[in-house]
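Look through the model below before reading on.

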Amino acid sequence: AAAQSRPSALQSGESLATLKNESDSLKKKLEEERAKLHDVELNQVAEKVELVSALSIRTRRVLKGHGNKVLCMDWCKDKRRLVSSSQDGKVIVWDGYTLNKEHAVTMPCTWVMACAYAPSGCAVACGGLDNKCSVYPLSLDKNENLAAKKKSVAMHTNYLSGCSFTNSDMQLLTSSGDGTCALWDVESGQLLQSFHGHTADVLSLNLAPSETGNTFVSGGCDKKANVWDMLPCASVSCRLYDLRADREVAVYQKDSIIFGASSVDFSLSGRLLFAGYNDYTINVWDVLKGNRISVLFGHENRVSCVKVSPDGTSFASASWDTSLRIWA
Amino acid sequence: MNSSGLFSAVRLVAQLKLEASVERIKVSQAASELQQYCLQNAGKDALLVGVPGGSNPFREPRSCAVL
């Protein structure tokens, strides 16, 4: 096994310089290959498409209850419940229709930077400055102390920046300030796979929607977005990258936008891109034509997270102003 | 000799070869397929086209919350 893992180049005595030349020429070749396919811009292809007509999106709910910046949120698959986490150390599960707070957990740390709803709707995962990701089964008994059933699943060597269940409640994918992403078995807490490649903190991750669900993308402070096979940073622009053309196909930016975007999500058909910004607004972009359709005002501080609901009838935003809003 | 530097250089070359071998399509084709997907699904996109009155639970006036 040891002989198999040693790269063959070492055996043939290649030097560091030869390898550097080879990697430089491969990088150059990759850039040339990608450039050859760049025959048109996305918005040129979309020229004949009708403009999006006026949208009537406005705030329909305001969820108040956190005592400090809301850093992350996630929808339950029932399209009605949400989980949110805050710098105040609390994780809250909300009924988005009635605004009832169904569960609340106080974490042992402040800055709970990541939270996720389990696909079954029966548990939530969260973590942050504790460098861990823990799973809390949601009890139907309102009097039960959720913290008692807490299960520590992921352990990183720096803050937890993102977490997401894969297709089931059994596996958890995490991203961390330690520069890595990792896949964990929830039941045993075992590390199944770790993903090294970023050269700085990893700030976010997202799974490709598919039944087999075996690719995900991560973004980091090294300004790279990596697409990973599972067994396998703040920019003022939003960019659309097509995996099949292996290049960027659209950029969504305006000179008047000088604050960074923190989070994005697509509407159900992919035509609208909702992006939350540090200037407290949410911009709605036409994905095909590249223009900004509207600006949504309401939050009183940075927007940290935006997510469209599972059936696309609304989207939610979380903010440092301690509230969440549901827009429809 | 710095063997760990050598090992990561070899890994980088292997990764770049993997990326070079990826099949790619032209942007025009990718763009036209993106557009087709958006237009085909537009009717189901409630945030884009709205929904007939009474079917978006968030647009319904909600029952009074007990304070």
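Strand 23 (residues 303–308) and strand 24 (residues 315–319) of chain A run antiparallel and are joined by 5 bridges. Strands here are DSSP runs of E with at least two residues, helices are runs of H or I with at least four, and both are numbered from the N terminus; two strands pair if DSSP finds at least two bridges between them. This is a predicted model, in which local features need pLDDT of at least 70 and side-chain atom pairs count only at pLDDT 80 or more, while totals for chains, interfaces and linings use all residues. Residues are numbered from 1 along each chain as its sequence is written, chains are lettered from A and ligands numbered from 1 in the order in which they are written, and side-chain values use heavy atoms, leaving out hydrogens and water.

Of the 6 residues in strand 23 of chain A, 5 are buried (under 20% relative accessible area, with a 1.4 Å probe and protein chains only).

Chain A also has an open sheet of 4 antiparallel strands in the order 10-11-12-13. Strand 10 (160–165) and strand 13 (191–195) of chain A each have a single partner strand, so one side of each lacks a neighbour in the sheet. Strands 11 and 12 of chain A pair over 5 bridges.

The largest nonpolar core has 22 residues, and A:Leu42 is among those with the most contacts inside it. Such a core is a set of buried Ala, Val, Leu, Ile, Met, Phe, Trp, Tyr and Cys residues joined through side-chain atoms within 4.5 Å. Helix 2 of chain B gives the largest share, 4 residues.

Methods:
Buried < 20%, exposed > 50% of the residue type's maximum accessible area, 1.4 Å probe, protein only.
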